[in-house]
Amino acid sequence: MKIKDAEIISLMQNPRTQEKGVRALMDAYQSRLYWHIRRIIVDGDLAQDTLQETFIKAYQNFHQFKNDSQLYTWLYRIATNEALQQVNKMNKMKKTDEDAEYHMQNLVADNTEGSAEEIQILLQNAIQSLPEKQKLVFMMRYYDDLPYEEISKIVDMSVGTLKTNYHYAKQKIEEFIKENYER
Amino acid sequence: MKEFDIEKLERKNIYKVPDHLFANIQENVMNDIKTSKKAPVFKLNWMYAAAASVALIFGMTYVLNSDNDSAEKGLTSDTAYAANKGEPKTEGELAYETLKADLTSADNNNQTVVNQGSNVDYAFKNEKEKTEASPKSVKATPKKDEAKMNDYLDSFSNSEIAELASNSTQDVYLDLYN
């Protein structure tokens, strides 16, 4: 991955090969970023738009990328910000936090495949019930298996705070599933 | 459910994904990039924008003011040009001049119909050239009436005569053409 990142960066930094670089960047990270965004936003169309915007911003602002951080960390940061902006837009239309949580759980129901297991649906609903920071930390750690140090760079939080947040998030989710699982 | 460990659960993506999702995303992104390359967007510094606005305001003010000045100058010079040009005077002006000449020479006892007629001829001179219309004959005032008129006018002071002249311009003008 390291060598590939170096190739992508080299292509992106050269104006003649920039378009090729964007393609390589998308090939390498589109799937991971898409699912990261999708778990935050849930809505499929909105997630697609947000991923597109993430790549366009990455292309437009590549001169701001510093080699001292990992390429995926930088991309995750852009994607997370874009996704949170979309969620905030959606939440502005809702009067209370409960309305917003209810809306997200409806979205989960509407967007879930028919073959999905009940426990997996419950897990997604439990994630949507978490506060924003806990939700982000939990998803990046649980699904993407990102090291705390990298998550720290993405969400601007200390490693200690992240560990605490993850611990509380996990506890809440387990409680939620225990309460709502009907088998 | 009494015991549940989330770490033992399989990590799955359970959301529906449309066909050709990533191909569409790549195509849209590349189209957007190509469009933005063709039409580059320049970020305008607000200071430059403010400076340009001020320059535009001053420029417009200067242009509008210079237009007004030149219009006024043009008007003045046109008027002066017309005054100096020696263009034929209007009928009213000629009639007034004729009357004035008559009134100032009212105390001249030698004034006769012939003299007045010459004045009328003078009044008509330019008019004749301009219109080429045949001048109407002026009826000669009988000598007696002329003398009476002169006596009557003698009784007026100069200022009264001037006032009378300014008020009677139109009447005289009409008389001349009767």
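**Exercise 1. Find the helix of chain A in which Ile40(A) lies, and decide whether this residue is buried or exposed.**

Solution. Begin with the location: Ile40(A) belongs to helix α2 of chain A, which covers residues 18-41, where helices (H or I, at least four residues) and strands (E, at least two) are DSSP runs numbered from the N terminus. The model is a predicted one, in which local features need pLDDT of at least 70 and side-chain atom pairs count only at pLDDT 80 or more, while totals for chains, interfaces and linings use all residues. Residues are numbered from 1 along each chain as its sequence is written, and chains are lettered from A and ligands numbered from 1 in the order in which they are written.

Next, apply the burial rule, by which a residue is buried if 20 or more other C-beta atoms lie within 10 Å of its own, exposed if 12 or fewer, and partly exposed in between, with C-beta atoms placed from the backbone. Ile40(A) has 24 other C-beta atoms within 10 Å and is therefore buried.

Finally, look at the partners: when neighbours within four places in sequence are left aside, Ile40(A) is in contact with Ala83(A) and Val87(A), a contact being two residues whose C-beta atoms, placed from the backbone, lie within 7 Å. Ile40(A) and Ile127(A) are separated by 87 residues in sequence, and their C-alpha atoms are 9.1 Å apart in space.

**Exercise 2. State how many helices and strands chain A has, and what share of chain A is buried.**

Solution. Chain A contains nine helices and zero strands, so the pattern along its sequence reads α-α-α-α-α-α-α-α-α. Of the 183 residues of chain A, 32% are buried. Among the contacts in chain A with a separation of 6 or more, 59% join residues 24 or more positions apart.

**Exercise 3. Describe how helix α6 of chain A packs against helix α9 of chain A, and which residues make the contact.**

Solution. Take the geometry to start with: the axes of α6(A) (residues 118-128) and α9(A) (residues 159-180) come within 9 Å and cross at roughly 130 degrees. Here axes are lines fitted to C-alpha atoms, for helices over the stretch in contact, and angles run from 0 to 180 degrees between N-to-C directions. Angles under 35 degrees count as roughly parallel, over 145 as roughly antiparallel, 65 to 115 as roughly perpendicular and the rest as oblique, and α6(A) and α9(A) are therefore oblique to each other.

Then list the residues: α6(A) contributes Ile119(A), Leu122(A), Leu123(A), Ala126(A) and Ile127(A), and α9(A) contributes Ile173(A), Phe176(A), Ile177(A) and Asn180(A). By class these are eight nonpolar, one polar and no charged residues, where Ala, Val, Leu, Ile, Met, Phe, Trp, Tyr, Cys and Pro count as nonpolar, Asp, Glu, Lys and Arg as charged, and the others, Gly among them, as polar.

**Exercise 4. Work out how α8(A) is oriented relative to α9(A), and how α5(A) is oriented relative to α6(A).**

Solution. For the pair at the end of the chain, α8(A) (residues 148-155) and α9(A) pack at about 100 degrees with their axes 9 Å apart, which makes α8(A) roughly perpendicular to α9(A). Tyr148(A), Glu149(A), Ile151(A) and Ser152(A) of α8(A) meet Val159(A), Leu162(A) and Lys163(A) of α9(A), and the contact has four nonpolar, one polar and two charged residues.

For the other pair, α5(A) (residues 97-111) and α6(A) pack at about 155 degrees with axes 9 Å apart, which makes α5(A) roughly antiparallel to α6(A). Glu101(A), Met104(A), Gln105(A) and Val108(A) in α5(A) meet Ile121(A), Gln124(A), Asn125(A) and Gln128(A) in α6(A), a contact of three nonpolar, four polar and one charged residues.

**Exercise 5. Say how many residues of each chain take part in the contact between chain B and chain A, and where confidence in chain B is lowest.**

Solution. First, 20 residues of chain B are in contact with 30 residues of chain A, and the side of chain B has 13 nonpolar, three polar and four charged residues. The predictor gives the complex an ipTM of 0.87 and a pTM of 0.61.

Second, chain B has seven helices and zero strands, and 6% of its 178 residues are buried. Its mean pLDDT, the predictor's confidence in each residue from 0 to 100, is 71, with 54% of residues reaching 70 or more. Confidence in chain B is lowest in α4(B) (residues 113-131), at a mean of 51, and highest in α1(B) (residues 21-38), at 91. Where pLDDT is low, the predicted coordinates should not be read in detail.
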